[in-house]
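Work through the following exercises with the sequence and the model side by side, trying each task before reading its solution.

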Amino acid sequence: MYRTHTCGELRLENVGQKVTLAGWVQKARKLGGMTFVDLRDRYGITQLVTEQEIEAGREWVLQIKGEVVERQSKNPKMPTGDIEIRIESVNVLNRADTPPFTIEEVSDGGEDIRAKYRYLDLRRAPLQRALALRHRLAQEVRSYLDKQGFMEIETPYLIKSTPEGARDFVVPSRMNPGQFYALPQSPQTFKQLLMVAGYDRYFQIVRCFRDEDLRADRQPEFTQIDCEMSFVEQEDVLNTFEGMMRQMFKNALNVDIPNPLPRMSWYDAMDFYGSDKPDVRFGMKIHEITDLAHGHDFSVFDSCEYVGAIVVPGAAEYTRKQLDELTEWVKRPQVGAKGLVYIKANADGTFKSSIDKFFTEADLAKIAGVCEAGKGDLILVLCGAKRKAQTMLGVLRIEMGNRLGLRDPKVFAPLWIVDFPLLEWDDETQRFYAMHHPFTAPKPEHEKWFYSDKKEDLERVCANAYDFVLNGTELGGGSIRIHNAEMQSRMFEVLGISKEDAEYKFGFIINAFKFGAPPHGGLAFGFDRVCALFGGQETIRDYIAFPKNNQGRDVMIDSPSKIDREQLDELQIDVRAGE
């Protein structure tokens, strides 16, 4: 055997044993007449020692044989720090070029160079811990769902293109010239068909694909924990998957989350947090002050539908320079505000604001009272159309939470967001769009409005939908589905999808509903995001073995890339010149 033990396994109780280890050289150093080598594998690091001259460069692959001895100078920071191996023989299994960056806990390599040599970056302990956590969470998911009677069933990767949200990735068919498959953005229709087929509890940990602009928490290919259940109502789904998340938190992190989890309506989330994925680890709720702000000859407020404020605790000492910087920050395109109004509730009980010309101290005191601002607090005010202003305040709230250190990644505050609007009206195209997707059912008590032709009635309809939110991130979402052909046809009608288009894109599922579809619902968790948040990170890349960069490229294998003319001819595809 190449090894009898791993490099993270040996302890004091192994002293005196003859062992064989194999791994990579983390570092080698000479001290007097002794040579010390740190040998590493994914399980840990063991120190080797010899009085002989040995050749061992960084990242060389060695097999060593020797005796476990107690270290004279112990290292309490290493699990193996009480012992070392006195080398008796060394077998060089492979030499290595000097790596382009250090394979250490904190590397000296930049993001681009580490992405190019991803297989080296994956040797680093932080990434090994990340992928180990991903593995563990996947096992917890499978264990829990298996015990709940779910079957893991695979669905196709080559499907029909039905672009409704993000762009599809398309795959040309050689056997059907001029026709294309699409890679699935989710297994949505297939899991509903499995419900029609009688497989009443389905799941898979599945790859999904979306051709969209990327950022730190998005990838063109990503993984979902995809689930569907038959003969269930919303309460059944929420209880089932609260249980799954509770097991994952307990077994992976030894963290207990509330039982049951808090629930918040979409409307309250927007009104109080300016986001449908609120971070409730800290306060700083939004307060509407429209009535108090209007009628003071301040045209900025008087011309706005909505005026709202947040209270930043203990920030009344902000200097004018800091406030000017914050004003410029909210003007960035990512926020979209035209300016920022502030009110300081000073420690001596007085008020100072950027609107003193229009508001008396008594007026400012009333605003402070409504906002529940105490002495030493800073009130920040934005205005505009209601939902837009609330969204801007929500972004500002998160920024102030970051600046004040209120978003501790080791604190977890999960909750359900429920009662979403079913439909979103777009003024530009003068049509409704599905808030989630066109297979989401309206709440039963709102069906009377769903079948109305009045725009104001349709805007009142709530979806029978729910999102699982953790620390300001939507980790999962789902709904009770439409399960009869009449309601599904009505949904397509409301969304402006013609009968011909509906039949072409979704005819298979509409027809399936005619053959006894059961009531059903489910949800999907973004598994990459689950792993990142459980690991206390913002970015999902460290939790994916071979991720893409922000341009959707894999710089390690240089993909995407051009293909041979012969392949294009087989597919009967012409590429535009110069592109």
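**Exercise 1. State what share of the chain is buried, and describe its overall make-up.**

The model is a predicted one, in which local features need pLDDT of at least 70 and side-chain atom pairs count only at pLDDT 80 or more, while totals for chains, interfaces and linings use all residues. Residues are numbered from 1 along each chain as its sequence is written, and side-chain values use heavy atoms, with hydrogens and water left out. Finally, take contact to mean heavy atoms within 4.5 Å; of the contacts in the chain with a separation of 6 or more, 66% are between residues 24 or more positions apart.

**Exercise 2. Describe how helix H14 packs against helix H15.**

Two packed helices are described by the angle between their axes and the distance between the axes. The axes are lines fitted to C-alpha atoms over the stretch in contact, with angles running from 0 to 180 degrees between N-to-C directions. For H14 (residues 485–494) and H15 (residues 499–513), the axes come within 9 Å and cross at roughly 160°, which means that H14 is roughly antiparallel to H15 (angles under 35 degrees count as roughly parallel, over 145 as roughly antiparallel, 65 to 115 as roughly perpendicular and the rest as oblique). The crossing is right-handed, that is, the near helix is turned clockwise from the far one by less than a right angle. On the H14 side the contact is made by Ala485, Gln488 and Phe492, and on the H15 side by Ala502, Phe506, Ile510 and Phe513. These residues divide into six nonpolar, one polar and no charged, where Ala, Val, Leu, Ile, Met, Phe, Trp, Tyr, Cys and Pro count as nonpolar, Asp, Glu, Lys and Arg as charged, and the others, Gly among them, as polar.

**Exercise 3. Apply the steps to helix H3 and helix H16.**

The axes of H3 (residues 125–147) and H16 (residues 527–534) come within 10 Å and cross at roughly 120°, and H3 is therefore oblique to H16. H3 passes H16 in a right-handed crossing. Leu133, Arg134, Leu137 and Ala138 of H3 meet Phe527, Asp528, Val530, Cys531 and Phe534 of H16, a set that divides into seven nonpolar, no polar and two charged.

**Exercise 4. Is Ser107 buried or exposed, and what does its side chain reach?**

Begin with its place in the chain, the loop between strand S5 (83–94) and helix H1 (111–116). With a relative accessible area of 17%, Ser107 is buried. Its side chain reaches the backbone oxygen of Thr102 at 3.0 Å and the backbone nitrogen of Gly109 at 3.0 Å. Not counting residues up to four places away in sequence, Ser107 touches Phe101, Thr102, Arg114 and Arg124.

**Exercise 5. Which residues of helix H4 are buried, and what covers them?**

Within H4 (residues 188–196), Gln188, Thr189, Lys191, Gln192, Leu194 and Met195 are buried. Their cover includes strand S9 (201–209), strand S10 (221–230), H15 and strand S22 (520–526). Just after H4, Gly198 takes a positive phi of about 100°.

Definitions and conventions. Helices (H or I, at least four residues) and strands (E, at least two) are DSSP runs, numbered from the N terminus. Buried means under 20% relative accessible area, exposed over 50%, partly exposed in between (1.4 Å probe, protein chains only). A polar contact is a pair of N or O atoms within 3.5 Å; within protein, one must be able to donate a hydrogen and the other to accept it, and residues adjacent in sequence count only if both atoms are side-chain atoms.
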